[in-house]
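Subject: Structure handover and notes on its salt bridges

Dear colleague,

I am passing on the structure below, and my notes on its charged side chains follow it. Please look through the sequence and the model before reading on.

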Amino acid sequence: LIPTFDRGNDAAAIDDELTLGKMLGEGAFCEVKEIRAIKLNNNDAGDGEVTSADLPSEHKGDTDEADFPVNLFQSKAEIRTYMSDNCLREDGTGSHSRYALKQLKPNNSQKHVEQGLIDLSIEAKFLANLNHPSIIRLRGLSGTPLTTNFGLVLDRLYMTLEDQMDAWTAIKKESMSNGLCGCLGMGKMDEETRMGMLVSVVTAAYDLSCAM
């Protein structure tokens, strides 16, 4: 079940169910922005729109995107409600977006619009049929297919492989700079740090190989 969220024809449209936040990245034809809020228009009359209180008990309190209870939902309306109620993750550092929207760039030429729509449509088709922990998940669609307001609602990533590799490099440099040997440029990683990094690297390599 892949739900669809309404999008207006411009950023100020009152019927736009998605409130977008900061830019996360961009490519040749598309851009990705985080979703800060999902305000439903309650137009699922034929699909039985429900409130959070109406959801089965298995859904309540389950706000970790890794445990998105997709197999427990009975309709797209239930998924829309769940995503609206759990759009943000709250912790001690603030509110964090759980979803992101991949959409066409607003200043695309007609040729780029056509190519971008083809790419989005193919990506949606593939992601809708994939379910793997190492592959980003398609949570919904937005707008109307083959129009400029069409987009993909995805899980928001907070760390890419490139980010993780930079983090490993920083940990290694910090560990090797400690102590007298580190000051002389002869430092070595302590065994605990080295083993911890090795486990992380092997795990990442395994996840990548499983996803290919």
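How many salt bridges does the count come to? The count comes to eight salt bridges, and since this is a predicted model, please read the distances that follow as values computed from that model.

Let me begin with glutamate 34, which is buried at a relative accessible area of 8%. The side chains of glutamate 34 and arginine 156 form a salt bridge, with 3.2 Å from N to O. Glutamate 34 belongs to strand β3 (residues 30-38), whereas arginine 156 sits in the loop between β8 (151-155) and α3 (161-176), so this pair ties together parts that are 122 residues apart in sequence. Both arginine 156 and glutamate 34 are buried.

Glutamate 34 also forms a salt bridge with arginine 36, where the closest N and O atoms are 4.0 Å apart. Arginine 36 is partly exposed, its relative accessible area being 28%.

A further salt bridge brings together the side chains of arginine 139 and aspartate 155, at 2.9 Å from N to O. Because arginine 139 lies in strand β7 (residues 138-142) and aspartate 155 in strand β8, the pair ties together parts that are 16 residues apart in sequence. Arginine 139 is buried, with a relative accessible area of 5%, and aspartate 155 counts as buried too, at 11% relative accessibility.

Notes. Residues are numbered from 1 along each chain as its sequence is written. This is a predicted model: local features need pLDDT of at least 70, side-chain atom pairs count only at pLDDT 80 or more; totals for chains, interfaces and linings use all residues. Side-chain values use heavy atoms; hydrogens and water are left out. Buried means under 20% relative accessible area, exposed over 50%, partly exposed in between (1.4 Å probe, protein chains only). Helices (H or I, at least four residues) and strands (E, at least two) are DSSP runs, numbered from the N terminus.
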